[in-house]
Amino acid sequence: MKHTRQSKKEQNIAQLNEKSLSELESFPVRSSLEENIEILEHLFQDCSDFVLREFQLKDSVQACAVFVDGLIDTQSVNEALRALMILKGGRESIRSIEHEVLPVSQISEVTSYKDFLSAVLGGDTGILVDGNDIALTLGIRGAEKRSVNEPEGEAVVRGPREGFIENIRTNTSLLRRKLKTPRLKMKSIVVGKESNTNLVVSYLEGIVDPALRDEVISRIEHIEIDAVLESGYIEEMIQDNALSPFPQVQYSERPDTVAAALLEGRIAIFVDGTPMVLIVPTTFWMMMQANEDYYERFQMATLVRWLRYLFLAISLVTPAGYVAISTFHQEMLPTTLLLSIAAARESIPFPAIVEALIMEISFEALREAGIRLPKTVGQAVSILGALVVGQAAVQAGIVSAPMVIVVSITGIASFTVPHYNASIALRMLRFPLMFAASFLGIYGILVGILLIMGHMANLRSFGVPYLSPLAPMSIGDFKDVLIRAPWTIMEKRPSFTGVEDEKRLNTASINKSRQTSD
Amino acid sequence: MKRSSRFKIASIIVILIHSLLLTGCWDRVEVNDLALILAFAVDKEEDGLYRMSVQLPLVSSLGGPSGGGGGTSGDKSYYVDSATGKTLREANNVLQSRMSRKLFYAHHRVIVIGEETAKSGLREILDVIARFPENRLTAYMVVAKGKGFDLLKAQPQFERFSAEAMRELIKMVGVTVTVKDIAQMLNTPGVDAYLPVLASVDSRPKGKSKEIELIGFSMFRDDRFAHFLTLEHAKGIRWFQPTFYSYATDFDIRKNREISVQVNQGRMEITPIVRNGKVHFQINVHARAAIIEDHSGTDWGNSKNLRMLENKLAANISEGIRTTLQEMVKNQSDIAGLGLVLARKYPQLWKTSFRENWDKHLKAVTFEIRTRATVPNIGQTTENLTKEEMR
């Protein structure tokens, strides 16, 4: 009888290693320390970073501390253990340990192996005491992390210099520092069978549309994946249209950008292990806005916005337009310009479309190489790019000088879009437009643009039309799209995100105070 | 069910994409397969055929990427070719058959009409210009003294192409006539057409270049050349233009003492008066001018002197306009559009009695010119700098 029980238990333990953490939900913490240690040692076979420290409480009650080396703050754990080792008390005393002995602020009780292990693997220190089927986890984390730096991907001239890091707690704290209100909610969700990545869905209660919030949470909860290594995984699995080249989720590594988004009734998704925080829902126009627009004077911000719209069009259409005009509509150019283009193209062996493709593709390759290469080699790439592709190719008569100018303008134009993922979309769409232009001329470009616009009008991000507030039109919201209105005029939050609490600031009181001080 | 409809859509898309590729690039013409016509000339041969000459830039000599600036030294940067035909299109086809590049008309800036062609009528050649979409109605038309061919062959020093020189020249003079203008002048009763006349002349001191010079205007009756108006007689023509371009004129202020003034602003009002079936035009001219050169040494600070100048200037302007109008009347070519002014004031009368034979009536027309000139600007000094100051 005893023998069979024993073997069954061993079988149980042997199976443990094949199970993922979430499946250990129904596997309770045993009251016998010996048994627990056996289970843990089996689970963490060959895990050199796992530490199991056995010790005796003062009246020779057996206890053990488990933690992962490198994830804990050694000094604090030492202090906690010292407190435990001088403890007086009985076997049933885990509560009294929690309430009277341990000088640790973050402490919680767990009863299942799932909770226990996820805490320990997350960096907590687990305490097991013989005779208690409740384990304690101490939140004394001390893993290595990067310090808060200026985000390199989103530089500003004016504005805060701090950016998110890879640690999710640091990130949520950075956001909390911006919005000190209990309305700022941080709902935690764990995703990933093997990675058990912590996600935090953050929103401002009372401003966010509850239906939107529930939709976002439900979409995230339905994700079943082995690991989430970057927020891009989440983005692809919660976006509405997976095939669209346009990003339907914005990301940012700036706390101020995220806070501003929450204030517009949007929702932020923090993912542990990456500084990139996702923001939903997103419209096309938000992709054209930078946080600095709101810190600079509004005239400047408005001008810069229009500059971006202009260069957006340029980056999309210029190569296609050059191909179309120089091969179909020569009458559209001023004579002198046409003559100099003709002179430059005289010795070029390729048709305009081939020339454009060569240059555009080598530009994309240069850009990619510039990002991927080690920084020390990066300079070599730019020299090669400028000299070989730019000058030598023109002098050798392989590509014409006007084409180099077109490609350079396009390249610069695509970098004026403040969000990298949006500019990638436009850079990709340039190529089909060039093909269309090469056999249909400007008509082809127009057809292509109409198709793109049709697709964009059809696109939605969490139920919000991608082109709103332009289509469907909401004139009141133009103040933050066509222009950047002065703050005193932007009295209401944008309506298209479905915000609950519309009022944002009290213009009347601001104006009154300004007048009285005169 | 759903799957099959998806398959259908997918196959339709694939077929559409393939059909797109099958079309090839049917209209595609690379820039280096075009022969850009900068100007063309139409001459009438003695056997009644049209000779069409085209001026084509030699793109490769314009300075490509490695050439490092072409310039006009050495080889010419253009060449001129011509062919004859019963129609312009036929001549074009002959030309095309010896061109390796497609003749491209959309960029011509000037159409040169040879003297003989002008005499035989413009309607025929205007037809192909207006009918063929590649041609531009904004191209300027000029009449050549002699053969139009010679104007295309001229090699002015400033510009790389004589076409460019012709265009800039007539723009600077301010009497520009486009194809559209000519068409309107020809189809509007009460207005006759006129065109600037250009000639190719040797530069002086004699160099290797042939320069283009504006020598006058040709007056048309209907679509045929009627009379050549010399520059001397054409002084008034600019006053009848819709926009006034400033110009300089000089005259004797005292005996053998010349003064030059720049007329900066001008306005003309024409009022037709019909009395007893006789047409009289009251022409009021207002001009503002500035002194630019004075050989008389007069003190222009004195308002009496200034008034004298203003009167002389007014007389000068009136005289210019009168000469032009007299030439017009004499040759029965209403290039000023007096008929149109009359038609606007008396539409009914115009229809019943003048419209049909305005040419004839033009002979009997009388006019009176009143000019008011002011000279508010006498330049930087009141008197010649070298003159001794009055104590």
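**Figure 1. Residues 433–453 of chain A in a predicted model.** Over residues 433–453 of chain A, the chain is 100% helix and 0% strand. The end C-alpha atoms of this span are 13 Å apart. The model shown here, and in the views that follow, is predicted. The UniProt record (an unreviewed entry) labels residues 433–453 of chain A "transmembrane region", along with 306–325 and 380–413.

**Figure 2. Residues 380–413 of chain A.** This span is 85% helix and 0% strand. Its end C-alpha atoms lie 24 Å apart.

**Figure 3. Helix 10 and helix 15 of chain A.** Helix 10 covers residues 298–327 and helix 15 covers residues 420–458. Their axes come within 7 Å and cross at roughly 40 degrees. Helix 10 of chain A is therefore oblique to helix 15 of chain A. The crossing is right-handed. From helix 10 of chain A, contact residues include Leu312(A), Leu316(A), Pro319(A) and Val323(A). Helix 15 of chain A contributes, among others, Leu429(A), Arg430(A), Leu433(A), Gly441(A) and Ile445(A). By class, the contact residues of the two helices divide into 14 nonpolar, five polar and one charged.

**Figure 4. Domains of chain A.** Chain A is divided into domain 1 (2–138), domain 2 (168–293) and domain 3 (306–465). The C-alpha centres of domain 1 and domain 3 of chain A lie 61 Å apart.

**Figure 5. The contact between chain A and chain B.** Chain B supplies 24 residues and chain A supplies 25 residues. On the chain B side, 11 residues are nonpolar, eight are polar and five are charged.

Definitions and conventions: Residues numbered from 1 in each chain as written. Chains lettered and ligands numbered in written order. Predicted model: local features only at pLDDT ≥ 70, side-chain atom pairs only at ≥ 80, totals over all residues. Contact = placed C-beta atoms within 7 Å. Nonpolar A, V, L, I, M, F, W, Y, C, P; charged D, E, K, R; others polar. UniProt positions renumbered as here; feature names shortened; annotations may be inferred. Helix = DSSP H or I, 4+ residues; strand = E, 2+ residues; numbered from the N terminus. Domains from an automatic or database assignment. Axes fitted to C-alpha atoms, helices over the stretch in contact; angles between N-to-C directions. Parallel < 35°, antiparallel > 145°, perpendicular 65-115°, else oblique. Left-handed = near helix turned anticlockwise from the far one by under 90°.
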